[in-house]
Amino acid sequence: MSELLSLSASEQARRIAEKTVSATELCDAYLARIDANDADLGSYLRVDHEGARAQAHAVDAAVCAGDSVGPLAGVPIALKDLLVTESLETTAGSKILEGWVPPYEGSVVRKLRSAGAVILGKLNLDEFAMGSSNEHSAFRPCKNPWDLGRVPGGSSGGSAAAVSASLCAMSLGTDTGGSIRQPASFCGLVGLKPTYGRVSRHGLIAYASSFDQIGPLATCAEDAALMLEVIAGGDILDATCSTEPVPAYQAACKRDVKGLVIGIAKEMEGEDVDTAVSAAVAAAIAELESAGAEVRRISLPHTRYSLPTYYLLATAEASSNLARFDGVRYGKRKGNEEALQNMYEKTRGAGFGAEVKTRIMLGTFALRAGYYDAYYKKAQQVRTLIADDFRKAFAEVDVIASPTAPTTAFPFGAKKTPIDMYKADVFTLSCNLAGLPGLSMNCGFDDSGMPIGLQLLAAPMQEETLLQCAAAYQRQTDWHTRRPNFGGQP
Amino acid sequence: MSAMLSNEKWEAVIGLEVHVQLATKSKAFSASAVQYGAAPNSLTDPTVLALPGSLPVFNEEGLRLAMRLGLALGCTIAKHSRFARKHYFYPDQPAGYQISQYDEPICAGGSVPILEDGVRKEIALTRIHLENDAGKNNHAGARSLVDLNRAGVALCEVVSEPVLRSATEAADYMRSLRQIVRFLGVSEGDMEKGHLRCDANVSIRPRGREAFGTRTELKNINSFKFVQQAIEHEIARQIRALEAGETIVQETRLWDADAGRSRSMRGKEEALDYRYFPDPDLPPLEVSDATIEQIRSELPELPLDARARLIALGLAAADAEQLSSERRLLAYYDATLASLGKSNAKLAANWVSGALLAELGRLGKSIGDSPLEPARLAGLLKLIADDTISGKIAKGILARMMESPDEAKDIVEREGLGQITDSSALEAIVDELLDNNPKQVQGYREGNQKLLGFFVGQVMKATGGKANPKMVNQLLRARLDT
Amino acid sequence: MSRVTEEEIRSLGELSRLALSDSEVETLKRDLESILEHMDALAEVDTTGVQPMTHVLGTIGHLRSDEVCESLAVEEVFAASPERTEDCFDVPAILPPGSNK
Ligand SMILES: [Mg+2]
Ligand SMILES: [Zn+2]
């Protein structure tokens, strides 16, 4: 494997800009590695050889002509297949959308293209981002490059596996209840879920609109910062997108953590956490402490209600968001010759997988007349209380540290019931409920050699603080430089 | 049927929900154009088609127009309102839900004025809320063909309290609302194009009873005529049913204009559960006091207020009604009056609603693009008011002023069209006329008073119409009656 | 105690427009029941006087100005449509049975 593929994305961008590496050479190296290895991994649903090469050529031409190029010029990245790409099939990991070629470009993808990024293809995911293991992809499971018998996490499993296996330099995932951070944790990466409204959702196929955010998965904090600088910022096409100026995230990576206050919430520890995970997380916090941070115990009393709150609200929104998949304007239709009601039911019955149906049913239940107050409205009120807990906590501390997930990546088929699976997200959900930015980074390995994730949360719009901590930690440790033994060590 | 309607025993209770298409250029939540009669599915975008990943962003002009209507009707504007999703599967509803306002509409309260025997009456409103329109289904046998051009068009729904008591009152309400939205520029208000669409909730109860009867909802009554017919028909149907000892089923009924009757669409047992919840894609609408006051300050006078003002100026009710029926006509009249002075209000009314509109009609122009400006018309009317010219001469001048930029005064001077008010000159003409027509003089003196008209006509003819008719009359009488 | 009846599952399926096989109904009944059991934990939270959160962080939205952008070309509109008749989406008749129009 080409030595180029072990470079960070930031380093690749530098070398392309100073012409020591060509974008085409880099792009071809990734494409060759994908072609040789992804059949075993299943991280890509679609590889866009032609499109990627064309973009790489364009970058090289611009660099040769001395034109100014964007910050991601020539960097080969890949996108979760939940992001709408013009003229490139987009499926959301679902049969119901198989073959859909969007006639428009999502805002984030547009930003990536104008920053010069080379888009290699679309990455596997749990259908409509509903899952924590990638076992709910309608097409094929994606595996964990650290151990092909284990899941890569979800729902951005393909996005994590591909970066971890050096099948792209960086990727974008989406995070509704932990779907960037948990796979980042399972695959040993930095995964950043931005503040709600920091990044446009236009072109993000909605799972739960008041939770969804697009964010980067990368091997180091600097790369995540580079990507976030490109994708963050206002968008006229998303009414919930903030117009606050985008800070210099890469600059934040250079700061140390002296005087930073790290909170540890007693509600985010507990007996369900693997001992190896607890130990690694404690060690990581100690490391930050030794770098000058201060540690304080805090309480987030309502976070223990995160799971029911999240699953009521997110599924309610999902039941609504997925109503548009009706077989009228796009998607596979069934029962065309029957009555309209049958056409709808058959199209959706055949097009959606089991987990999606479960969540639509649950969400429909929560919104139904007579149940609304007891379920949906109650959950909205608890959401307020959870957000209040964080508001109070961030008056005292700068970041809150916890495990990203209670365990490391689990084997395929390990979670037998929906609730078992949902519990894998227990530490990541509250961040989305409160709209906060959250980051996961590798902080060690368990006895089976599986990566462990440290989660850091910050106050709204404080992504800089998260990146600052992560970068400082990564200067002191080398966990993040380890790559799985997959497809030949890069 | 009318015997039944004037039924002593039963009283009708009617509430209307009128969907008003707001006069925005683009859709409520996205940028494709709003245009009537375009080729099917040629006016769409990712949001209109509810493509995966598309998002709604609300049109600020839609908000402004709804607030303008609300303020004009005396509603309370909510400084904080929000959108909700109303779910139902239907091929003309691309997202599977309509974006509407549910528990926090933009406007509450207010009223629509109507005239009842010339007296103003306020019809109370519950609310006005914002929402988007659905597409259009065309039925073709076992299939339906869907055109989504109209999907996403900005509407506001004006909901009245159940305070209307007859079909006529309902139709009057609808007419008044249409006039007001057109007056305000909130909607083009073109019924043919479906800019106003009405659903009616109708029930009856024994006269004097407080409690409401079971109501039915009539859909698809989209013209004044149908509103009247459908409600009359429904009231009669309900009276017949109750008098026959049947009960009224709560249901939605569709008006079939061709058949002149309604038919049941579906019972409520197939209950729709709309599963309303706040739309997470659309943050609440926040409106400042300053914005509300700004919009309020831009409100024009409403038709019925203008009508009352014109009547106070001495106009006949019919003239006042006509002049206040359309904003540009009223503006024209008011501008004319501003130059001419209020003492000539009636003169101006006659000329604006008479000769001017006739001339514009002849030229195929509307009052908004009249080539004769109010100030120049006032100049012409001044000459009539001070007896410089006769009405007849003025009509001719008006026709010419439509085609030239000249002032009436200049035309009159240049062409010597001023009335002859010099009595000695007129006396000479009268004397000569009487000398030349002894037979007619004798006839008149023998009692044929009609011959006076003959003499007047002859004098006018001799002077090319420029003689002052009043003076001519006086002179003739003085000569003939002695 | 069973709180989600089979009938309820079927009615939710209809409301959600999901054709469900008997075995799916069975699984959904079991799963929804156990999920809802976990949801019950919320009942113990005192939410008296607590505002429901509908938009995170009190999001201030923006409006768009009333400007027209080019529409999608008709060929793009129908590129993915399952059935098209002329320039319309073709679906089974929407009118309830018995209506003659
Ligand atoms: Mg209504
Ligand atoms: Zn409506």
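This is a predicted model: local features need pLDDT of at least 70, side-chain atom pairs count only at pLDDT 80 or more; totals for chains, interfaces and linings use all residues.
Local features need pLDDT of at least 70, side-chain atom pairs count only at pLDDT 80 or more, and totals for chains, interfaces and linings use all residues. Residues are numbered from 1 along each chain, and side-chain values use heavy atoms, with hydrogens and water left out.

Donors are N, O and S atoms within 2.8 Å of the metal (3.2 Å for Na, K and Ca); water is not among the atoms, so sites may look incomplete. Glu17(B) lies in strand S1 (residues 10-21) of chain B and Glu157(B) in strand S11 (residues 154-160) of chain B, so the pair ties together parts 140 residues apart in sequence. Strands (E, at least two residues) and helices (H or I, at least four) are DSSP runs, numbered from the N terminus. Both Glu17(B) and Glu157(B) are buried. Buried means under 20% relative accessible area, exposed over 50%, and partly exposed in between (1.4 Å probe, protein chains only). Glu157(B) also coordinates the zinc ion (ligand 2), 3.8 Å from the magnesium ion (ligand 1).

Helix H2 (residues 60-72) of chain B is mostly covered, with ten of its 13 residues buried. Among them are Leu63(B), Met67(B) and Arg68(B). Asn59(B) caps the N-terminal end of H2(B), with a side-chain oxygen 3.0 Å from the backbone nitrogen of Glu61(B). Just after H2(B), Gly74(B) takes a positive phi of about 75°.

How values were computed. Chains are lettered from A and ligands numbered from 1 in the order in which they are written. A polar contact is a pair of N or O atoms within 3.5 Å; within protein, one must be able to donate a hydrogen and the other to accept it, and residues adjacent in sequence count only if both atoms are side-chain atoms.
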